[in-house]
Amino acid sequence: MAHTETHDPNTPLEYRSEIGRLNILGFWIFLGAEIALFATLFATYMVLTHRIADGPALGELFEVKSLLIQTFLLLTSSFTCGLAVHEMRRQNVKGLITWMAITLGLGLGFLYFEIQEFLHFIHEGANIGTSAAWSGFFVLVGTHGAHVTFGIFWVTMVLIQVAKRGLTPATSAKVFITSLYWHFLDVVWIFIFTAVYLMGMVMHHG
Amino acid sequence: MRRLKPFFTFGLLMAVLMLSGCSEMVILDPKGPVGQQQKDLILYSIGFMTFILIVVYALTAFIVYKYRDRKNHKGYDPDNEGSHLLETIWWIIPIIITIALAVPTVKTIYSLEGPPEETKDQKPLVIHATSVDWKWVFTYPEQDIETVNYLHIPEDRPVLFKLTSADSMASFWVPQLGGQKYAMAGMETKLYLQADEQGTYEGRNSNFTGEGFTDHTFDVMSMSDKEFEKWVSETKTDAPELTKEQYDKLMLPGHVKEMTFSSTHLGWVNHADEADYAMKARERLGYEPKIPHSKAAKEEKKKREEEKKKQEESESHGDSHAH
Amino acid sequence: MKWDEFFVTGDPLIYGADVSIVLTMVGILFYLTKFKKWKWLWDEWLTTVDHKKLGIMYIVSAVLMMFRGGVDALLMRAQLAVPEANFLDSQHYNEIFTTHGTIMIIFMAMPFLIGLINVVVPLQIGARDVAYPYLNAVSFWTFFIGAMLFNISFVIGGSPSAGWTSYMPLASNELSPGPGQNYYLLGLQIAGIGTLLTGINFLVTILKMRAPGMTLFRMPMFTWSSLVTMVIIIFAFPILTVALVLMTFDRLFGSHFFTLQGEGMDMLWANLFWLWGHPEVYIVILPAFGMFSEIISTFSKKTLFGYKAMIWSMLLIAGYSFLVWVHHFFTMGSGAVVNSVFSITTMAIGIPTGVKIFNWLFTMYRGRIEFTTPMLWSLGFIVNFVVGGVTGVMLAMAAADYQYHNTYFLVSHFHYVLIAGTVFACFAGLIFWYPKMFGYKLNERIGKWVFWIFTIGFNVCFMPQYFLGLDGMPRRVYTYSEESGWGPLNMVSTIGGFMMGIAFVILVYNIYYSFRFAKRETTGDAWNGRTLEWSTPSPMPPFYNFAKIPEVTGLDHFWKQKQAGKVEKLKAEDIKKIHMPSNSGVPFIMASFFFVAGFGMVFDWMWMGIAGMIGVFGTLIYRSFEYDDGYYVSVEEVIETEKISK
């Protein structure tokens, strides 16, 4: 079936096979489930945010500089990821791989700063077992970080496949799906930025 | 249809048998205004529910009987897809029933948040009820006395229970006085109850709390104001003071006999503010939780059961304290 | 960890279980080896991606789990039959009611329904398979492995004993030490992955794979109910995933979400659990509603009454299902406003449910009702489910619930809903689609015996429990005193419980009996059915389901074709080559790695947990690099299979 279809030339590459279309739809629905997952984590965090027991308050340890660097890296990576998909649609394998590689680099940078930040918090006496509030923080932000880590591996695998097989309806659908995933993580980060860091700092200092 | 008969007869028999026992069922035999309100609401709802059941069963019996497949079958209409009129009717009737049930429900919910209407100008007696696996500690802060596993209350006077727990989530329930409420560590919940008659009522924790849950019970004795005052003053002079060491021992999981003290634990801890007190006390006493199937756990359990047995024996020998 | 903590010892029941498990295993291995069935097992079942075979495996597992959960139930009833019994001790009783609840909901009811959905829905919508056949296999194997992991707790490490609701802080390390509670967490987590994937898979399948002409409002009601169920799964299961992760972190990594220390919040667990738990109730009841709709319509030989109202009420129920969770803990002291709001939303959920009852009744009105066993179960459902429904409304009235809460009144209510709703539907659906799966009907006479014994036993078992509840008997007590006066009704209840047990045994016997003696059915349309699955041959339509995808012109398309005498005959020239997915052993292997990971984490052996997870990711990567586009079934093979004369 997949090979006999004819297409409007304007149909994006990733939508040109039945399997590709189904997978993309399925992934959108999966993202719906991911929203439910993160919503639950956010709700948990919100409920626990003032339960600091004997530990430091959340906003007390947050640092603006690290936060801004992380945010900048991740937002930029979403932009470069968009460029990569744009190149893919132009059948430009090299452009795709280049921009995706940059995306991965930015993602790794984000992870580096996030891990540094976590280590800093632990050093200051706030780990996952310090209080309910810090448990909520580490698991919420950590789940996002784990998603980014998974994403980096995943995108790498898909890029290897693109390098080996070129752009086919199958590989392009995979690239497109990883890009959806990557943008989604960016959106989640915006919520973390606002609900965790900004609100935490405002509550503490303001 | 012939086959259905024994089924119906049986059901009818069961219903008659069980309804005849109704008046003795504790929830339908309340001894105070809170339980009375709940009983009224329950009976009110049972009326509606019976109506619904009768309608559905009558319709089912009629339709199943009339349209069973048989020779000379009449009225078969395979493409009958629906009827706006009928469907509107059975959207509207349940809505009306729901409203009819919702109004008294909401009223009762609000009324149960405060002391009973008829005694609301009386000052309620305040009692802190604290659940510890698997016992109840009752504190009378105004009288400055404390009891374990039993309660004395004056009749015809609202009692405000301030509920909390030292460990697992329990539920404070005296069925004949009224419905329950959870007792949770690090939280304080409030429950008003009142007894209109003198007598002894069984109370218990109804929320599963592990191994000793079944015996997580207490007795409530309701008495006249005078008797209550007398009991309080006797307790204050006769009962020993509660020490912190003794209280910490109460924090260990297990059952204890009824106890009475002439001071309270509120001086050093309120579990509503300090959720981990019991855990710390257990640590101080060197208590370690044991995996249920391990040898250590079995030994501990054996010891616990022996203690319980001893206790029951000593209680049956009539060594009572403040009864 | 010491050996006495690893193996559960010191109880004749456990030793009995040890022996029977070992004997069964040896027996199976011997059988497979002797009759050289290993290859058959691998090729036909362990690596299959065929939705029908996966469905059958789901159902077989669910029946096994029903046996396990049922034995738990009977042990409980035996212990409670008389006051102050010493048949089970408290710890053992606690473990048994915990595993009973968990197994019946997660490992029996859901897989049974998902199994029937697997078998039936793709056939009903005229599809060759589901959207993601490979993923479907992953779903099954993760469910299966989750169930196995949960079940071995019985003999290794000890079963969880904090109730299927596992309220914190009771379920914390301090109050429930050891691997038991970890089994609960990991078993449910692994099975939950499978359920979520099923949700996505079938949602896409139903949305995208329908035969031409089958618009949404021409879909059979069972397909509709499955669609709505999948949407609930997709939004409810992530909540469970998170809740389980948080408790796992509390127990294994020292976090303080729900603990007594560190200002954890036990109420949060209750909220998260029921935010998933209440939708879960509708996950197991809506497919049941769908099946009853099909069966009642088929055996009344009449179109479903109020098709659209049925759909809208179902959508309404699905929406409401996320707005009522607080009614599971009205007694938490959330205040009058919260309790009033949730009282009203809960009662309101009764409205669409009531509407459905009347629509079923009027589907029979002016029909020609045939009392086959599936129909008997459906009628039994209406009569008994209503009892569960009205007591549900009584429980919804918060002020009264303060008295019913945590009592046998509640226990009886949810058994009236879950047994009369879900279990009756499982039986009805199994019997109804049995000829589709195996090519012959289950014996009707024995089937009717099963129905009557089970239904009467069910009422004898649970009706007294309402009255025990009103008499103040709390749930989950392992014994009670003579003076309480609860003895006689408990004895009655136990008798009823054993009647249900006997009915189950006869049901299993019926499976054997019919396998031996039932008349084979060749038309593919054993019950004069209405929907597309009956237009395919039995037993078990060929792996590609439809040689030619049907074109649908309306609701009950197949029925209408038959009425008009215009059932299309398959012609050789209509047949084209068919694209099908290849089998794969990867899902099975992936699930096995999940088992390793789960088992390691249960015992807090992190090296093993990590090793298992590496294995899981390894299989994921392997799959990602595997470009298997499936294969084509040639025209000749289809003609051969369909036995079309040229």
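Guide: Helices (H or I, at least four residues) and strands (E, at least two) are DSSP runs, numbered from the N terminus. The model is predicted, so local features need pLDDT of at least 70, side-chain atom pairs count only at pLDDT 80 or more, and totals for chains, interfaces and linings use all residues. Residues are numbered from 1 along each chain as its sequence is written, chains are lettered from A and ligands numbered from 1 in the order written, and side-chain values use heavy atoms, without hydrogens and water.

Visitor: How many helices does chain A have?
Guide: Chain A has zero strands. Its pattern along the sequence is α-α-α-α-α-α. The helix count is six.

Visitor: What share of the residues in chain A is buried?
Guide: Buried means under 20% relative accessible area, exposed over 50%, partly exposed in between (1.4 Å probe, protein chains only). Chain A has 206 residues. The buried share is 53%.

Visitor: What radius of gyration does chain C have?
Guide: This radius is taken over C-alpha atoms, and the globule rule is 2.2 Å times the number of residues to the power 0.38. With 646 residues, a compact globule would come near 26 Å. Chain C agrees with that, at 25 Å.

Visitor: Which residue forms a salt bridge with B:K301?
Guide: A salt bridge needs a side-chain nitrogen of Lys or Arg within 4 Å of a carboxyl oxygen of Asp or Glu. Here the closest N and O atoms are 3.0 Å apart. B:K301 lies in helix α7 (residues 295-316) of chain B and its partner in the loop between α4 (51-80) and α5 (90-124) of chain C, so the pair joins two chains. The partner is C:D89.

Visitor: Is C:K301 buried or exposed?
Guide: C:K301 meets C:E370 in a salt bridge (2.9 Å, N to O). The two lie in loops of chain C, so the pair ties together parts that are 69 residues apart in sequence. C:E370 is partly exposed at 32% relative accessibility. At 15%, C:K301 counts as buried.

Visitor: How far apart in the chain are B:K31 and B:E197?
Guide: Their side chains meet in a salt bridge (3.8 Å, N to O). B:K31 sits in the loop between α1 (4-20) and α2 of chain B, and B:E197 in the loop between β8 (189-193) and β9 (199-205). The pair links distant parts of the chain, separated by 166 residues.

Visitor: How many salt bridges are there over all chains?
Guide: Some share partners: B:D29, B:K31 and B:E197 are joined into one network. The count over all chains is 23.
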